[in-house]
Amino acid sequence: MIYQRLFLVALLVVYAVLAYAATTYEAPFSYEPVGPRAFPLLLLILLAAGTVYLMIRPGQMAEENADTPLTGQVLGRLVLCVLALALFAFFFEKLGFIVSAFLFAIAMCRLYNGGWVTSVITGAVMSVAFYMLFDRVLDVPLPLGVLSGLGV
Amino acid sequence: METLGYLGQGFGVATTPLNLFTALCGTLIGTVVGLLPGLGPINGVALLIPIAFALGLPPETSLILLAAVYLGCEYGGRISSILLNIPGEASAVMTALDGHPLARQGKGGIALSISAAGSFTGGLIATIGVTIFAPLLAKWAVAFGPAEYFVMMVFAITCLAGMAGNKPMKTAVASLIGLLLACVGIDANSGVYRFTFGSLGLADGIQFVVLVLGLFSISEILVLLERTYYGQSALKTSGRMMFNMKEAMLVKWTVLRSGVVGFFMGILPGAGATMASAVAYMSEKRMATKDNRFGNGDLRGLAAPETANSAAACGSMVPMLTLGVPGSGTTAVMLGALTLYNITPGPMLFQTDPQLVWGLIASLFIANVMLVVMNIPLIRVFTKILAVPYWALVPGIAIVTAIGVYGVHATTFDLFLMIVIGVVGYILRKFDFPLSAVLLGFILGGIMEQNLRRALSISNGELSILWSSPITWGGWALVVLMLVLPMYRGWRRRRAAVPANP
């Protein structure tokens, strides 16, 4: 419950920042009675009211969350997973799709309890297969990055 | 009679070789995606949008693909519920209640075949319902002005919260967050940049595909990581695969009733398959007075939610096609796909794109038949897929997700945005906020604000235009009903709780 309240407080802070930003939205000239400001502000007021209500009466949590408590170990893995995703996004264009997807797939495989050998094989197969499928067959252009010199 | 003519025309569209093949692929993909633990129709449909777009499919074909995947997921979801006791998505939770006990008693084959038959009947009833009601509603909805539309959207949001059962306020907050997210980007009317904080990547607003894949794919990956389990064991389906006459007779009325209930629940915006399966299960349980074995493997308890959720899946196409208001999270995604093709869903769709609408409706019939024909003989193949380990599944999902997002704009900014949305979505999910409400809010947000502003432009700022026609009165009455309903339910629950612990 305490975490939920903390989260709700964080939400309220975000609303306040957004509301402050929204008050400055002024149309330079306008053809209509309602400007760009009214609707977001109305939403923010309703959101704040709803969030305050939830802080007072949080209600019960779903059972789904009860049997998977967030232990330190799980949390560590979640952070690693988000980190892997972020690195994948960062290197997506820099290293190119094939290399970054290969490394990313190995990391993800390991995170989900795959062995080293299976991880490397999975990574190699997936990165090349998805590149061929999307870039060559489906016409979704993917960056080649460091491999672009190979002229494949 | 006019309807039959259009339906015939629709079958003409749906039976072209390309569309038939697409429907077949869609049903196969849908079944596989639905049965993989943790993946539901929203993920399946969302991942396919970029692919359908990349293939250059015409709009009606890609809509047929998405609808076939949607129906296929509802079929596939039951397999993992029955054999693994892991519902692939929320609407399959009720199926597991009686389906899994049946499988443990060695009646897995019977459970699978009777639920396939139930899904088929439910889908059929609902598709007939769509054929009858959608054109009527569309004709009526043409009279809607901006004020009426705005009221309808308010109704959709309150309906979402009012029907949400035990967490109306969380659902309301989630849908408001969605509405707010829709405001990000350049304002079409005044050219003001809203909530972009100087970022060029946000100037266009949050891309729909980025939001959906972040909310559903990335957060799902994180949830799967939590649940990484080792040797999951699917129960074997031994013995008789087909149900017999006696069993069919037992569930006959249950199936018919649940199909009708499911269809009407599906029409309500926001209620969708999850509510439909719960309502059908509960009412059948209450009705079954003699030899009631609900919860321990009663065939009626299995047939009711399965029939209802297939019916609701088809029923939710009605508000999508006629009003442009999605009836469920998955139809919200389909609506987003339509806007990618520059098609504005709404009552005019029946006049401007009849081949799209009727082709879709006809292909619902075809996909349903394909699914039932495919599901009974291929069930052993599908159960094999349940054994795919997470270490192979998750990296694949993650990479396809990233490609889908990158494919929209070819910027890595969208990838980062997707990850941020995914992490926030995961946190919201942990605190029990429904993510499909965020998505529905996001879809409705843009049209809702536009209609409000248009209405007030017509009236020169007079707010009274919002309650000046009989349709708006009806709409507001429904809104009030949806606001009062959860309060009444909470009050009754508290009153019932008082004598229990004095």
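Chain B contributes 55 residues and chain A 56 residues to the contact between them, where contact requires C-beta atoms, placed from the backbone, to lie within 7 Å. The model is predicted, with local features needing pLDDT of at least 70 and side-chain atom pairs pLDDT 80 or more, while totals for chains, interfaces and linings use all residues. Residues are numbered from 1 along each chain as its sequence is written, and chains are lettered from A and ligands numbered from 1 in the order in which they are written.

**Side of chain B that touches chain A**
- Helices α3, α7 (168–182), α8, α17 (390–409), α18 (412–430) and α19 (435–458) of chain B each supply at least two residues; helices are DSSP runs (H or I, at least four residues) numbered from the N terminus.
- The most comes from α17(B), with 12 residues.
- This side has 35 nonpolar, 10 polar and 10 charged residues (Ala, Val, Leu, Ile, Met, Phe, Trp, Tyr, Cys and Pro are nonpolar; Asp, Glu, Lys and Arg are charged; the others, Gly among them, are polar).

**Packing of α3(B) and α8(B)**
- Helix α3 (residues 41–54) and helix α8 (residues 208–226) of chain B pack at about 135°, with axes 10 Å apart; axes are lines fitted to C-alpha atoms over the stretch in contact, and angles run from 0 to 180 degrees between N-to-C directions.
- Residues making this contact include Ile42(B) and Leu47(B) of α3(B), and Val212(B) and Phe216(B) of α8(B).
- Nine residues of the contact are nonpolar, two polar and one charged.

**Helix α10(B)**
- The 16 residues of helix α10 (residues 272–287) of chain B should span 22 Å at 1.5 Å a residue, which agrees with the 23 Å between its end C-alpha atoms; the expected span is 1.5 Å times one less than the number of residues.

Methods
Two residues are in contact if their C-beta atoms, placed from the backbone, lie within 7 Å.
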